[in-house]
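This report covers salt bridges and one surface patch. Look at the sequence and structure first.

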Amino acid sequence: MTKISQAKERAKEEIIAVLHPLVKEWFFSKFEDFSLPQKYGVMNVWERKNTLISAPTGGTKTLTSFLSIINYLIILAEKKQLEDKVYAIYCSPLKALSNDIHKNLLEPLEEIRKIAEKKDIKLQEIRVALRTGDTEAKERAKQAKKIPHILITTPESLTIVLTSPKFVENLKAVEFCIIDEIHAMDNKRGTYLSLTLERLNSMSAIWPVKIGLSATIEPLEEVARFLVGESHEREVEIANVQFSKKIDIAVLTPVNNLVEDRNLNHEMYQLLNKLIKEHKTTLIFTNTRSATERVVHNLKEKFPTEYGEDIAAHHSSLAKTHRFNIEERLRDGKLRVVVCSTSLELGIDIGYIDLVIMLGSPKSSARAIQRLGRAGHRLHETIKGRFLVMDRDDLVECSVIQKEIIEHKINKVNFPKSCLDVLSQQIFGMAISRVWKSEEMLDTIRKSYCYKDLSKEDFMSVISYLSGEYGLENNNVYAKIWYDKTTKEIGKRGKLARVIFMTNLGTIPDESFIEVKLAPSGEHIGVIDEGFLERMKKGDVFVLGGSKYIYLYTRGMNLYVRGTVDRPPTIPSWFSETLPLSFDSALEINRFRQLILEKFESKQNKKEILEFISSHLHIPEEGSQAIYSYFLEQYEYSSIPNTKLITIENYKAEKNYIIVNSMYGRRVNDALSRALGYVMGHYGNRDIEMGISDNGFYFAGERLDIEKAIKELKPEDLKTILEEAVNKTDILARRFRHCASRSLMILRNYKGINRSVGKQQIKSHFLLASVKKISKDFPILKEAKREVLEDLMDIKNAKQVLEWIREGKIKIKQMKSRLPSPFALNMVLQGHTDFLRIEDKQDFLKRMHELHLSEIKSRK
């Protein structure tokens, strides 16, 4: 086990003592004193200690990591002892961030050089190079001749240089390795990077000291293990520098009554405009690309004299050059307001922003802190943020997330483990570099935190696939490595191995649009993105171009549908983009619900409860009044679901509806609903309609025995049931394509020709059919199932909920009702949002509110 300890704060004099006079003069010409992260981190890097530095955005983490390295290189440069080798690697998940650091690193070096010139001190040139997917071949060739001393790169480009025979010689004595934005690595890119770092460790003559830079994140022990890997010989220190940057945050509602006021949309834009006018530069987060475009359009339409060239939309669908242009204009202070989806969350320096607005819930405290960190990006500035909420669920959610931020309760990060598609790609890369003994290769892989529990069986199944033992040549999947069972050695196969690897590496899948066509004519209706299709299942009704369609079947990149549907939509068009509520924040909401329930049951007076809500959630009186009314209406009409209670509502509309109020976030609810739907399907009811949200899920159909299904669904059976439930779905087919592409079963590029996503999907369709016949444990199929169950859904916490039910910690309460309860309304309404204008939604909610109050009154 890697040994973890806490870093200690060092005295100013101790740090000054190790600084070269030139570096010291430069530093104090720029700064009065060392920042807190520098007092914890600079000496650690100087003393070659692996260190994870966690501090709020704008906390000088980057300079902390570089200061000792610059100092070391300046000392060598003065003595003329700089060698032609890479001394330090800086790795970031963002290409744009790499551009940023390039500027921030070159400037200090240039300024130090000028100070040296004035003093007539001759320094060797310290070379810095940027290597990303955008680096031109001419620049790459130059880097191979004039070796950079500091290499700035991305996880994918680092893997490329490790596999380049000319360049790799310069990486055999790397002394420092900085991993920035490590909190953004809780995905397969992170898993991939963890193996790349082990490859770097294994080929290096000396241990490259790891410096991890992270925004506020938990649990830091896990992130530290991710940074340095798992081995009893390794040590890492954590510098958890949560200095108290002043935070000015508030939850705002555009109107006093979120249910009855028809002017909600108008007032929201009035409030938005007011906030923008009160500040110099405002950044607005919307969560979805469509909302980003809509907000920019509406601000320009409603306030034509206020906004012209000084407002912009920024999201991942825009061209790279356009995004860079917006970032540059933001840095130069030429934009008053930028509206983005999630694309500006990470730590790229976008200059002075004095207000961050979040339209709707950010879905987790960690993400909210990330977003808030964009305001007051400099060290001592106050972070100023506002949550703007449009409905009562959002009000509760944002208030609870605000409470988590104020009380430093941060959602936990989770790194994907033992991903067999990433493993396949990296083993191929390792085999290209040299011949390995299988035990030595497995030992190296298991030193990665993400693969510490990799079984030998899974490792050997990947070796079998890569060496061609599954007989997939008929599907044009050829062996990429050889494995000698006698000597237990592994090596690359084929002259094109390196080219195939270099042109197909990485973990981010190619995405495309799905054509929607009428069946059986094939008439073109429009397009939807793949993520949206992935969220749907056969029988779902959705809206496209203002009309309703029912999902029938898919062929390649085509979705065939039927029009003239009399059922309401089951899924909104923005659903693929919505972020899932974190499990931690969901539990916090459940705890708050329980506290309010206890106060209602103990007959506390309204004034006391309002005061409690205000102080507990740190919100003003209007907010606590709205929450009080919402909870009281739910309490009097139905029951308040909470930490100890899941409520199930049965009501009849055009079908029988069962609404399960389970506040655990969409990923857990996705797993629970699919499993329960599958179990109920076994009772003979195949035509079950389903909908999920963060707050719960619903079923619609004829005979729905939910009580029996819950009793039958055991935690230990959940994995088997879910694997069966997703086995024939599009979601598994698409994830299999992604995994097949990562594992190089499907080559995106071969001999310079790019294969389209459509062709990849068709090939994947035939491959999936073949591997299902070969073995249900074929490693890439196994990985696709793991990805659906663990990354897309949250089987771990879904199991936990089922355990709590079995242990009696959570009770189930069923009830019949004429209407969905107040807490269930948004869930039932979500499919209709494409048809309803906000004013119509308000009319509907107001009517339902009146019906609830009328029924409550009739019972008294």
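## Terms and model

Buried means under 20% relative accessible area, exposed means over 50%, and partly exposed lies in between (1.4 Å probe, protein chains only). This is a predicted model: local features need pLDDT of at least 70, side-chain atom pairs count only at pLDDT 80 or more, and totals for chains, interfaces and linings use all residues. Residues are numbered from 1 along each chain as its sequence is written, and side-chain values use heavy atoms, with hydrogens and water left out.

## A nonpolar surface patch

Y750 has 39% relative accessibility, so Y750 counts as partly exposed. Y750 sits in strand β27 (residues 749-750). Strands (E, at least two residues) and helices (H or I, at least four) are DSSP runs, numbered from the N terminus.

Together with L496 and V499, Y750 forms a nonpolar patch on the surface. The three share about 250 Å² of accessible area, from the Shrake-Rupley method with a 1.4 Å probe, where for residues only the protein chains shown count as cover. Patch residues have over 30% relative accessible area and no salt bridge; like charges are joined within 9 Å, nonpolar side chains (Val, Leu, Ile, Met, Phe, Trp, Tyr) within 5 Å.

## Salt bridges across the chain

Side chains of opposite charge can pair when their charged atoms come close. A salt bridge here is a side-chain nitrogen of Lys or Arg within 4 Å of a carboxyl oxygen of Asp or Glu. The count by this rule is 58.

K188 pairs with D421, their closest N and O atoms 2.8 Å apart. This pair links distant parts of the chain: K188 is in helix α9 (residues 188-203), D421 in helix α16 (residues 420-433), 233 residues apart. K188 is buried because its relative accessible area is 7%. D421 is buried too, at 0%. Both belong to a salt-bridge network that also includes R735, R742, E783, R786, E787, E790 and D791.

D458 and K782 form another bridge, with closest N and O atoms 2.8 Å apart. They also link distant parts: D458 lies in helix α18 (residues 456-466), K782 in helix α29 (residues 779-792), 324 residues apart. D458 is buried at 15% relative accessibility. K782 is partly exposed at 32%.

Which helix holds both E723 and K719? Both lie in helix α26 (residues 718-726), 4 residues apart, about one turn of the helix. E723 is partly exposed at 23% relative accessibility. K719 is partly exposed at 41%.
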